[in-house]
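Please read them beside the coordinates.

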Amino acid sequence: MKKIAIICYCLLLSLPSLLFFNPQVAYAQDDPLPARNDTAIHFKSKVMAETRTLWIHVPDDYYTSNNDYPVFYVLDGDSHFNYLARTTDFLSGYDRNRTPKMIVVGVVNIDRGRDFTPVYLKKQDGNRDSSKIMPDTGAGRFLRYLQQEVVPYIDKNYRVQPYRILAAHSLGGLFALYAKETDPLLFPGMILSSPVTTDRLLANLARFLNFNHPYNGKMFVGIGNENTSKVDLLVANLKRQAPVWFNWANQYYPDENHFTAPYKTVFDGLKFIYWDWFIDYYENDNLTMPAIDARFQKLSDEFGYKMTPSEEFLNNCGYYQLRLNHIKNAVSIFSENVKKHPASFNAYDSLGEAYMHLGDKPNAIRYYKKSLELNPQNSNGRQMLEKLEN
């Protein structure tokens, strides 16, 4: 019997007292449509002095696991949230494994022109001071809204990993660059599609390019068949100023325009940020647990926090080795999965199967029994145990 998640909407009075409700579930006898796991949060923002809305998407295993997830924020959420959430599910899904599973937060607009545009301090002579942006209006205020309300709420109420990505399109790209220059660690990863830029922001790129922190540097810039002059200047500055540790790339999409380029930019940008994530266990005919550990240690060094393989990933790797008759590899991988996920009946079930193929009946029986202790409804485990005991 499978669950369908129904979108839950909740109206909240103030951010500090936000109440979060898990999506309700309905049950169906037939195979249901995939769960969307999307939630709308409404609250009164003190910084913005108005009611704001966030759209939040969690991965399919969020409510059935204890996993933590990186968070992917998207500006203009009312335009880009839907396809972006589906894209993260697709890239992180079974067999593809191009990225980790993510929480997606869509920041819904009220007045994007007001919120995304930096307002510079006016000097006595009437000119603007490019080094001083007003914090109580325009992009300055909107950045404080993200810093003081949105990000803390997500960090407090969801199981998150310490890594955030920001996706921004067009005028949102102007704000994203300003945010990167002002607070480089807020969004270590950025995906910019057809970003608007200004001479002031381009002149200030060194603020984050020279920032002494090796984990703030991943940026992907995409643009369609449109005026590329400003993006060309951004790319030229990145080529000239970016240090070795700052990972960036850009892509031109001649078959897309300003409004369709974001789709491809997000897809390619996520794969770029997680370039080292992919392990093709279908092409690796001798995948060992030490090799998997080495890959995730490399990822941990790259992203700046401890990253470990998920239960699903290890299970897939183990079964592919089992199909190749590399049984000792499979036993090693399944054993590590049990160690990392001791409450998973499926991890014990898989390890029991591997020992059965190895011809180790006592251990096969032992782990099938453990699987059934955790989940008495595991009919496959019960059938296999009966065969082993008989």
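**Notes on the model**

1. Helices α10 and α12 are roughly parallel to each other, because angles under 35 degrees count as roughly parallel, over 145 as roughly antiparallel, 65 to 115 as roughly perpendicular and the rest as oblique. The axes of α10 (residues 311-323) and α12 (residues 345-358) cross at roughly 15° and come within 11 Å. Axes here are lines fitted to C-alpha atoms, for helices over the stretch in contact, with angles running from 0 to 180 degrees between N-to-C directions. Helices (H or I, at least four residues) and strands (E, at least two) are DSSP runs, numbered from the N terminus.

2. On provenance, this is a predicted model, in which local features need pLDDT of at least 70 and side-chain atom pairs count only at pLDDT 80 or more, while totals for chains, interfaces and linings use all residues. Residues are numbered from 1 along each chain as its sequence is written, and side-chain values use heavy atoms, with hydrogens and water left out.

3. The crossing of α10 and α12 is left-handed (the near helix is turned anticlockwise from the far one by less than a right angle; clockwise would be right-handed). Glu 311, Asn 315, Tyr 319 and Leu 322 of α10 make the contact with Asn 346, Ala 347, Asp 349, Ser 350, Glu 353, Ala 354 and His 357 of α12, contact meaning heavy atoms within 4.5 Å. By class, this contact of α10 with α12 has four nonpolar, four polar and three charged residues. Ala, Val, Leu, Ile, Met, Phe, Trp, Tyr, Cys and Pro count as nonpolar, Asp, Glu, Lys and Arg as charged, and the others, Gly among them, as polar.

4. Helix α12 also packs against α11 (residues 327-340): the axes come within 9 Å and cross at roughly 155°. That angle makes α11 roughly antiparallel to α12. The crossing of α11 and α12 is left-handed. On the α11 side the contact includes Ile 327, Val 331, Phe 334 and Val 338, and on the α12 side it includes Tyr 348, Leu 351, Tyr 355 and Leu 358. By class, the contact of α11 with α12 has 10 nonpolar, four polar and one charged residues.

5. Helices α13 (residues 361-374) and α14 (residues 379-389) have axes 9 Å apart and pack at an angle of about 150°, which makes α13 roughly antiparallel to α14. Their crossing is left-handed. Lys 361, Ala 364, Ile 365, Tyr 368, Lys 369 and Leu 372 of α13 meet Gly 381, Arg 382, Met 384, Leu 385, Leu 388 and Glu 389 of α14. The class count for α13 with α14 is seven nonpolar, one polar and four charged residues.

6. Ile 133 lies in strand β9 (residues 128-133). Ile 133 and Pro 118 are 15 residues apart in sequence and 6.4 Å apart in space, C-alpha to C-alpha. Leaving aside residues up to four places away in sequence, Ile 133 touches Pro 118, Val 119, Tyr 120, Gly 140 and Tyr 178.

7. How many cavities of 30 Å³ or more does a search of the whole structure find? The search finds one. A cavity is a set of points, on a 1 Å grid over the protein atoms alone, where a 1.4 Å probe fits but cannot get out; a pocket is an open set with protein on both sides within 12 Å along at least five of seven lines; lining residues have an atom within 4 Å of a point. The largest cavity holds about 70 Å³ of space, a volume being the space filled by probe spheres set on the points, with grid points joined across faces, edges and corners. Of the 14 residues that line the largest cavity, Ala 167, Ala 168, His 169, Ser 193 and Val 266 are the closest to its centre. The lining of the largest cavity divides into 10 nonpolar, four polar and no charged residues.
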